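Subject: the two-chain model

Hi,

Here is the model I promised to send over. Have a look at it first, and then read on for what I found in it.

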Amino acid sequence: MDVIDCIAQMPLPTGIGLRARHLDEMAACAPRVGFLEIHAENYLGGGPALRKVERLRADHAMSVHGVGLSLGSADGIDTRHLDRVAALVGHLQPRFVSEHLAWSVVGGAYLNDLLPMPYTEESLAVVARNIDRLQTALKRPVMIENPSSYVAFVHTTMAEPEFLAALVARTGCRLLCDVNNIFVSGSNVGFDPVAYLDALPAAAIGEIHLAGHARNDADGETILIDDHGSRVADPVWSLYRHAVARIGMRPTLIEWDTDVPALEVLLEEAARADREAGAVAAGRAA
Amino acid sequence: MSALSLADLQQAFRAHLLGEEQAALVAVAVGDRIPASARLRVYRHHVFTSLTAALGVTFSTVRGAVGDDFFAGMARAFIAQSPPAGPVLSEYGAGFAAFIERWPPAETLPYLADVARLDWALNLAYAAPDMPGLTAERLAAVPSEQLGMLKLGPRPGVALIRSAYPIDRIWALNHSGDVDTVALDAGGVCLLVFPRTDDAAFASLDPGAAALVAALEAGDTLGAAVEQAMAAEPDLDVGAALGRLLALGALTDPGA
């Protein structure tokens, strides 16, 4: 295990996704929180918000979570954007850096979503090449997050955990395990979330994400939407307990992006994650 | 069924999201209890609603002026025609004002493109680097015989927005609460948009001060800019106009 792995797997209280409406309150009240995760793309334009994050950086462990590098693009990744993300990471020196197994850019257009791809040898080569470029630019390994899916492709030849494990083997990247995404995708495209979790390479997982989801209607059938707009759902807590039981405690993050509530609600969810993980870990050790 | 290459699948996905249903994409998407087209609709819905929300933040005065429904229709047409070129959403919308000017349903709202220009200028000013502008003390230290030859451009983030409509009052109607009606025939304005430490703001300029900024922006020396300002407004108090620009931190410090 190298140094980065040791740091990534040190016990750390649960963190929260830092959102614009909480910037001033975080600075004024300095609540105890494990770490703060920002979306890289929200701070690349500069301005007062970035200066506030720079000040919070002095008191908090940080995580930079990219949402726009489009690691699944057959076109390759946008060099200018890669340079900007690398500059932000170099500047903030966060403890964690992560991105998604997804794509959003084609033909120079940025389609603002984490879009799905077939899991094939061709896709594996594309994503591995793009992760190599990212890790080379950042001079550090990154964590790759499993996406929430609404559709699968008929020509997929690998299950998602197998695809993620192959990326770890090829690029030395780590994994960000989004437990809510596993639950949402399992329900939408039809797989067993527990079997999925059990198939992930546990040692590669450096961070866990938790968030709420919504239930929508699609032509009379229920489809789960990963909207990060509510508290973590009970079955997702259950899956989180299973994850901790299997892989041990990992730095965990509460995400909330739609109808962002008061900061204290995020802190309550983070405290619950600490309690849930602590109880499982105590049982595991006993 | 024939498998698409990843590049072809992504091209088809883009066309599907921004426009017409792509049979080749639907054919490779798994449709079981939920049809493939309904599954793909989730992504299309998210792309349009999230980008509309991003434009609504940047162009908050436009959105307030026309209401959410009209704004969403206008944004949807713009997104389909000009999707973002990059993932930094605060940088999306450079072409929105020009689009509004040509979009037929907005023809009856001739002030709307100028309101969009004001929103965009405020957005750029907000993102400008936090650097001090030229101060009155620094300018006073310049030997008087050199003043006329100085080149004092506007600092990054500063912009001059002219309109034949009272867009300052349209902005205030939507943001400040101090204004509850706007007479569209009240006359035009010239607004100086500038960054502040924690946000961005604008101030109304008289014709002489506006001519002064426009000339400095064009690269004229201070002496030439003052001549143009005096031509635009013969009884201009040049010292007061320059003092106001310095107080707003609107000019670059050529020695900094």
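A:Asp259 counts as exposed because it has 10 C-beta neighbours inside 10 Å. (The cut-offs: a residue is buried if 20 or more other C-beta atoms lie within 10 Å of its own, exposed if 12 or fewer, and partly exposed in between, with C-beta atoms placed from the backbone.) A:Asp259 sits in the loop between strand S12 (252-254) and helix H10 (263-285) of chain A. Its phi is near 50°, a positive value in a residue other than glycine. Helices (H or I, at least four residues) and strands (E, at least two) are DSSP runs, numbered from the N terminus.

A:Ser70 also has a positive phi without being glycine, in this case near 55°. You'll find A:Ser70 in the loop between strand S3 (62-65) and helix H4 (79-92) of chain A. A:Ser70 counts as buried, with 27 C-beta neighbours inside 10 Å.

Before I go on, some housekeeping: this is a predicted model, so local features need pLDDT of at least 70 and side-chain atom pairs count only at pLDDT 80 or more, while totals for chains, interfaces and linings use all residues. Residues are numbered from 1 along each chain as its sequence is written, and chains are lettered from A and ligands numbered from 1 in the order in which they are written.

Chain A has 10 helices and 12 strands. Its radius of gyration is 18 Å, close to the 19 Å that the globule rule gives for 286 residues, so chain A is as compact as a globular protein of that length. (That radius is taken over C-alpha atoms, and the rule is 2.2 Å times the number of residues to the power 0.38.) The C-alpha trace of chain A spans about 50 × 45 × 45 Å along its principal axes, and 49% of the residues of chain A count as buried.

Chain B has 13 helices and three strands. With a radius of gyration of 24 Å, well over the 18 Å from the globule rule for 256 residues, chain B is more spread out than a compact globule. Its C-alpha trace spans about 80 × 40 × 30 Å along the principal axes, and buried residues make up 41% of chain B. Chain B is divided into domain 1 (1-109) and domain 2 (131-256), with bounds that come from an automatic or database domain assignment. The C-alpha centres of these two domains lie 38 Å apart.

How do the chains meet? In total, 39 residues of chain A are in contact with 41 residues of chain B, where contact means that the C-beta atoms, placed from the backbone, lie within 7 Å. On the chain A side, S6 gives the most, with six residues. By class, that side has 20 nonpolar, 12 polar and seven charged residues. (Ala, Val, Leu, Ile, Met, Phe, Trp, Tyr, Cys and Pro count as nonpolar, Asp, Glu, Lys and Arg as charged, and the others, Gly among them, as polar.)

Helix H1 (residues 6-18) of chain B is worth a look here. The buried residues of H1(B) include B:Leu9, B:Phe13 and B:Leu17. Seen down the axis, the buried residues of H1(B) fall within an arc of 165°, so they line one face of the helix; the arc is that of the directions from the helix axis to the C-beta atoms. What covers them comes from both chains, including strand S6 (109-115) and helix H5 (121-138) of chain A and helix H3 (36-58) of chain B.

B:Leu51 lies in that helix H3 of chain B and is buried, with 23 other C-beta atoms within 10 Å. Leaving aside neighbours within four places in sequence, B:Leu51 is in contact with A:Asn112, B:Ile79 and B:Pro84.

Last, helix H13 (residues 238-247) of chain B: its buried residues are B:Ala241, B:Leu242 and B:Leu245. They cover an arc of only 95° around the axis, which puts them on the same side of H13(B). They pack against helix H11 (207-217) and helix H12 (222-232) of chain B. The face turned away from the buried side carries the exposed residues B:Gly239, B:Ala240 and B:Ala247. After H13(B) comes B:Gly249, with a positive phi near 65°.

Cheers

Key:
Two residues are in contact if their C-beta atoms, placed from the backbone, lie within 7 Å.
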